[in-house]
Amino acid sequence: MPGTNGVSGAVTQPPAQDPDEQPRLNGETNMSLRINDTAPNFTANTTQGKIDFHNWIGDSWAILFSHPKDFTPVCTTELGYMAKIEPEFRRRNTKLIGLSIDPVDKHGEWARDIEETQGHAVNYPIIGDTELAVAKLYNMLPAEEPGTSEGRTAATNATVRSVFIIGPDKKIKLMLTYPMTTGRNFDEILRVLDSMQLTLRHQVATPVNWKPGEDVIIVPSVSDDDARKKYPDGFRALKPYLRLVKQPS
């Protein structure tokens with residue numbers, strides 16, 4: 001069965017049955033992504049209709065998390081857990097979007113299984129990346145990878161197991177890639193998001209294993225004089241470069 005999504009852009013791909021349903025890549029498909037790079041933009045069909053990724057993000061943060069194939073056991077638990085904690089992300093002005101190397105109609109069938117087995121309905125969109133377009137754009141598959149989702153297995157898509165946190169400025173803030181056999185810790189993604197949003201509002205960093213409410217680190221760019229003004233209740237200087245202070249509210 002032909003995929004419902006494909007490619008149109010800088011890289012020539014096999015022709016698709018319906019070009020109006022193909023992802024359109026707004027940038028190069030063979031690039032190395034790093035933290036603080038602009039997240040590559042694209043348009044693609046999802047379970048909630050066609051989106052332009054950057055426009056869809058808008059002024060929010062976004063979590064893009066990918067899956068090698070529909071109806072895979074570990075990913076089923078992950079999508080269900082993300083459905084459960086989606087309100088926590090909304091409270092942090094953060095949107096969720098999944099991706100899987102299968103057609104959108106298959107995503108709908110999978111979502112019913114997820115709700116049945118995990119107890120939570122998937123209310124965020126899932127991209128149908130049947131032409132491997134977004135996976136290549138985000139370096140989850142090699143740019144020269146041939147073919148479409150047709151005939152591919154979870155094993156051949158094993159590297160499509162990444163999480164990207166993207167800020168309102170459309171910059172990549174975090175990248176993580178997991179093996180297929182290890183379920184992702186999305187509570188950790190929430191913790192990292194809390195840390196980054198705290199850093200954005202205040203000139204602090206978070207120490208090892210930090211949890212919300214615990215002491216934070218004053219960044220080195222803040223002088224002691226400025227720190228005393230900013231934190232009149234004081235701070236603890238373990239070393240000139242290591243100064244701890246109560247988490248700002």
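Four strands form an open, antiparallel sheet in the order S9-S10-S12-S11 in this predicted model. Its edge strands are S9 (204–205) and S11 (236–239), each of which pairs on one side only. Elsewhere, strand S7 (residues 162–166) has 5 of its 5 residues buried, and helices H2 and H3 pack at an angle of about 75 degrees.

**The open sheet**

- Strand S11 pairs with strand S12 (residues 242–245) in the antiparallel sense, over 3 bridges.
- Within this pairing, Ala237 has Arg243 of S12 as its bridge partner.
- In general, the strands of a sheet pair through backbone hydrogen bonds, in either a parallel or an antiparallel manner.

- Strand S4 (residues 61–67) runs antiparallel to S7 and is joined to S7 by 4 bridges; Ile63 stands opposite Ile165 of S7.
- Strand S8 (residues 172–177) is also antiparallel to S7, with 5 bridges between the two; here Phe164 has Met175 of S8 as its bridge partner.
- S7 and S8 make a hairpin with 5 residues between them. In the turn, Lys170 has a positive phi of about 70 degrees.

**Nonpolar cores**

- The largest nonpolar core has 25 residues, of which Phe42, Phe53, Leu64, Tyr138, Phe164 and Ile166 touch the most other members.
- Two or more residues of this core come from each of strand S2 (41–46), helix H1 (53–57), S4, strand S5 (94–100), helix H4 (133–137) and S7.
- A second, separate core contains 24 residues, including Ala83, Ile85, Ile165 and Phe186.

**Packing of H2 against H3**

- The axes of helix H2 (residues 73–91) and helix H3 (residues 104–118) lie 9 Å apart, at an angle of about 75 degrees.
- The two helices are therefore roughly perpendicular to each other, since angles of 65 to 115 degrees are classed in this way.
- H2 contributes Cys75, Thr76, Thr77, Leu79 and Gly80 to the contact, while H3 contributes Trp110, Ile114, Thr117 and Gln118.
- By class, the contact of H2 with H3 has 4 nonpolar and 5 polar residues, with no charged residues.

Key: Residues numbered from 1 in each chain as written. Predicted model: local features only at pLDDT ≥ 70, side-chain atom pairs only at ≥ 80, totals over all residues. Heavy atoms only, no water. Pairing = 2+ DSSP bridges. Buried < 20%, exposed > 50% of the residue type's maximum accessible area, 1.4 Å probe, protein only. Core = buried A, V, L, I, M, F, W, Y, C linked by side-chain atoms within 4.5 Å. Axes fitted to C-alpha atoms, helices over the stretch in contact; angles between N-to-C directions. Parallel < 35°, antiparallel > 145°, perpendicular 65-115°, else oblique. Contact = heavy atoms within 4.5 Å. Nonpolar A, V, L, I, M, F, W, Y, C, P; charged D, E, K, R; others polar.
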